[in-house]
Amino acid sequence: MSVKSPETAVVFSTGKDRSVGLPRRRRLSSYFGWGLAWACAGLVVSALLDLLVTVVMKGVTSFRWDMLTTVTHGIAGGLQNAILGTLWIVGIAIVMAAPVGILGGVYLSEFARSGWARTVRFWTEVLSGVPSIVVGYFIYLLLVLGLGWGFSALAAGIALLIIMLPYIVSSTESTLRQVPWSLREGAWALGLTRFQAVSRVVWRPAAGGIATGVLTSIAVALGETAPLLYTAGWSAYNPDWHLTHSQVGYLTYVVWTYIEQPYPEAHALAYSAAFLLLVVILCIHILVRMLVRRWGGGAKSHL
Amino acid sequence: MGKSISVAGLSAWYGDQQTLQSIDIELKANTATAVIGPSGCGKSTFVRCLNRMHETVPGARMEGRVRLEEEDLYRMHPVDVRRIVGMVFQKPNPFPTLSVFDNIALALRLSGVRRRSELAERVERSLRMAALWDEVKDRLRQPATELSGGQQQRLCIARALAVEPEVLLMDEPASALDPISTLRIEELIRDLKSRYTIVIVTHNMQQATRVADRTAFFLNGELIEFGDTSQVFEHPRDRRTEDYVCGRFG
């Protein structure tokens with residue numbers, strides 16, 4: 001055997017050139033498979049790049065600093081009303097969504113019996129799969145018309161709340177579940193109640209993950225258009241900080257409507273609004289990355 | 001001052017599996033009792049029934065009676081039981097992101113100690129009792145997770161002592177520690193038993209002879225033998241105890 005091996009080694013090393021039939025077909029199909037995968041990946045990345053480059057190029061050239069301090073006039077002017085309106089609506093939404101979502105996640109991970117928790121988790125997933133336009137229409141029927149709030153910041157905020165909740169609930173629950181059981185036992189053994197154990201001890205190593213969920217939900221909410229179409233209305237004036245019976249402008253509305261207008265001034269506003277949203281959302285995602293790296297995404301780094 | 005514990009007809013289950021079979025045992029006040037036996041014999045389950053930690057595991061249940069002096073622990077609220085019967089675990093579990101000081105002060109604050117001076121005084125007293133004060137008195141504000149493993153375990157002991165329990169349960173408290181740290185924990189146990197009733201689960205038979213006045217031998221969920229440590233190790237009454245302490249199995 002050892003005598004034969006040099007010969008066979010030679011055959012194998014040059015086999016590439018000599019081989020015919022099946023091996024070549026295999027090699028070709030392998031190249032083809034790889035090529036296809038690369039092409040698909042390239043298609044995805046280039047579409048994303050094209051979108052980013054378009055928004056950034058047109059955004060940078062059309063953005064003027066005075067857009068931050070002036071309100072919209074017809075199809076021109078600034079974006080101050082939309083910026084403040086977006087902050088106002090998302091602010092209302094997060095003030096409700098963060099406590100409800102975090103407490104809901106705590107409930108699921110620490111208190112719910114597993115059968116009940118599974119049911120709630122299932123419906124949370126269903127909720128996250130509901131098209132956002134449906135959420136908007138639901139709120140439109142229930143609050144805008146039903147309770148007669150009219151197009152308003154509160155109705156829009158509640159629509160966003162429904163969009164945001166699943167993100168916060170699931171990230172809170174999953175990071176709390178990663179916290180070692182020994183910490184809960186340590187806290188209970190000192191005579192802490194289950195709620196005290198969570199509120200004083202168990203949340204600490206999970207804080208990064210919980211913050212990540214809240215930030216991600218804010219990023220999602222900032223970019224939402226559909227749930228606001230039926231709920232916020234539009235206003236060319238700065239928000240008057242009334243919760244109901246007062247329409248509010250918001251950035252995604254500018255993107256959505258003004259890009260369809262046949263005027264360069266309108267396009268400038270739309271691209272600037274898109275650019276602003278892109279920058280803010282990018283910053284949030286960078287912050288999330290930093291949080292995840294710093295906290296290790298949960299409890300692993302501590303015990 | 002420690003209190004005595006009397007256990008009558010204690011059985012425990014995890015789901016369908018019975019891990020304790022009708023245990024009767026009397027633990028005298030201010031003594032250290034070692035609980036020995038091979039893995040899976042129910043010794044951890046036994047101590048976890050004494051502070052009602054057993055029932056925190058989903059699917060776990062128990063029967064029988066556990067009394068502290070005259071009080072039935074299973075008629076009290078479990079949270080109150082755990083304040084009287086403290087526990088130290090196998091693996092040190094200091095609270096992460098909390099400082100050394102806050103690890104101890106946390107439970108004190110929740111039990112109503114508000115004044116800073118009183119908090120500081122009780123934290124210091126607990127750390128001194130756990131023989132840790134001299135090592136950490138300049139590092140009270142540092143995260144507890146920066147201490148060494150042995151120091152973390154003594155911190156956990158200090159944390160349990162701070163709420164002034166009557167009984168201290170220790171579930172293999174030194175098995176994750178190096179020999180020097182183990183010796184310090186053992187010294188500590190000998191020192192603490194004048195003030196507390198101590199129950200210590202251990203795999204290490206030398207450790208049992210060094211720290212315990214009394215020793216209980218468990219096998220397959222049953223209490224096989226219980227008596228003075230010297231008697232259990234030198235003149236065991238039961239054949240199975242003899243086999244175990246002579247190292248013939250387990």
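**Reading an interface between two chains**

Me: How many salt bridges are counted between chain A and chain B?

Reply: Between chain A and chain B the count is one salt bridge, the term meaning a side-chain nitrogen of Lys or Arg within 4 Å of a carboxyl oxygen of Asp or Glu. Glu185(A) pairs here with Arg48(B), and their closest N and O atoms are 2.7 Å apart. This is a predicted model, in which local features need pLDDT of at least 70 and side-chain atom pairs count only at pLDDT 80 or more, while totals for chains, interfaces and linings use all residues. Residues are numbered from 1 along each chain as its sequence is written, chains are lettered from A and ligands numbered from 1 in the order in which they are written, and side-chain values use heavy atoms, without hydrogens and water.

Me: What is the area buried between chain A and chain B?

Reply: The size of an interface is often given as the accessible area lost when the parts come together. Here about 2,000 Å² is buried, and carbon and sulfur atoms give 70% of that area (accessible area lost, 1.4 Å probe, summed over both parts). On the side of chain A, Glu185(A), Ala189(A) and Leu190(A) lose the most area to chain B, together 29% of what that side buries.

Me: Which residues is Leu143(A) in contact with, leaving aside its neighbours within four places in sequence?

Reply: Contact means heavy atoms within 4.5 Å. With those neighbours left aside, Leu143(A) contacts Gly148(A), Trp149(A), Ala155(A) and Ile158(A).

Note on methods: Buried area is the accessible area (1.4 Å probe) that two parts lose on being put together, summed over both.
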